[in-house]
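Thanks for coming. Please have a look at the screen.

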Amino acid sequence: ELTEEERIYSAYGGDIGTTPAPGGIANTGAMALVAVAAHHKEIDAPAPPPSTGSFNKKKGQSSGVIGMMDMMINDLKKQMQEATFDEENSQKDYEKLMADAAKKRAADSASISEKEGALAETQEELHEAKDTSSAKMSELEETQEYLVDMHKTCDFLLENYQKRKDARATEIDGLNKAKEILSGADFSLAQTSSFMKKK
């Protein structure tokens, strides 16, 4: 029956081989040595003790198990190296990602600050433009009122131009006549004054 190590080694494709079952006396591999001294008179030397057989190390099994363990150790080392390499690469990628994200956040913050400043400036300009527009509207309303008044005045002058012209002509004529009358009165007054002096 195979041991647990042999089954694992066999599952990885190792060749376990077969070991013959020991035979002999008590399954020790020793064969019985029978010395027959039928016609000998002299006493033979004592027979050597029964051989238990030489110790055979199971080279196939031990080397197979050790090879399998070495292979497993090498596989484990390789997997650990790959895992370490992957972890280092992942750490580098993560650090690069974090650095890029930090740069992007900084750029976005600067852009937001710049846009907020531009928005505040634009709002201020809009407020000033509204104030200017209100002032211009007030000025325009005043100008329009002035134009209306001027139009009324012009209409009045145009409507009454002939009447005023006639009135002015009559007035000038009256003044001329008055002047002539006054000139004649002055002359008569001057003649009366000179006549009185002669007397």
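There are 4 salt bridges in this structure, a salt bridge being a side-chain nitrogen of Lys or Arg within 4 Å of a carboxyl oxygen of Asp or Glu. The model is predicted, so local features need pLDDT of at least 70 and side-chain atom pairs count only at pLDDT 80 or more, while totals for chains, interfaces and linings use all residues. Residues are numbered from 1 along each chain as its sequence is written, and side-chain values use heavy atoms, with hydrogens and water left out.

In general, side chains of opposite charge can pair when their charged atoms come close.

Start with lysine 96 and aspartate 100, whose side chains meet at 3.2 Å, N to O. Both sit in helix α2, residues 59-159, 4 residues apart, about one turn of the helix. Helices here are DSSP runs (H or I, at least four residues), numbered from the N terminus. Lysine 96 counts as exposed, at 53% relative accessibility, and aspartate 100 as partly exposed, at 35%. The cut-offs are under 20% relative accessible area for buried, over 50% for exposed, and partly exposed in between, with a 1.4 Å probe and protein chains only.

Now helix α3, residues 161-198. Glutamate 171 pairs with arginine 168, with the closest N and O atoms 3.9 Å apart. They are 3 residues apart, so about one helical turn separates them.

In helix α3, aspartate 173 and lysine 177 are 4 residues apart, again about one helical turn. Their salt bridge spans 3.6 Å, N to O. Aspartate 173 is partly exposed at 39%, and lysine 177 is partly exposed at 47%.

How values were computed: Helices (H or I, at least four residues) and strands (E, at least two) are DSSP runs, numbered from the N terminus.
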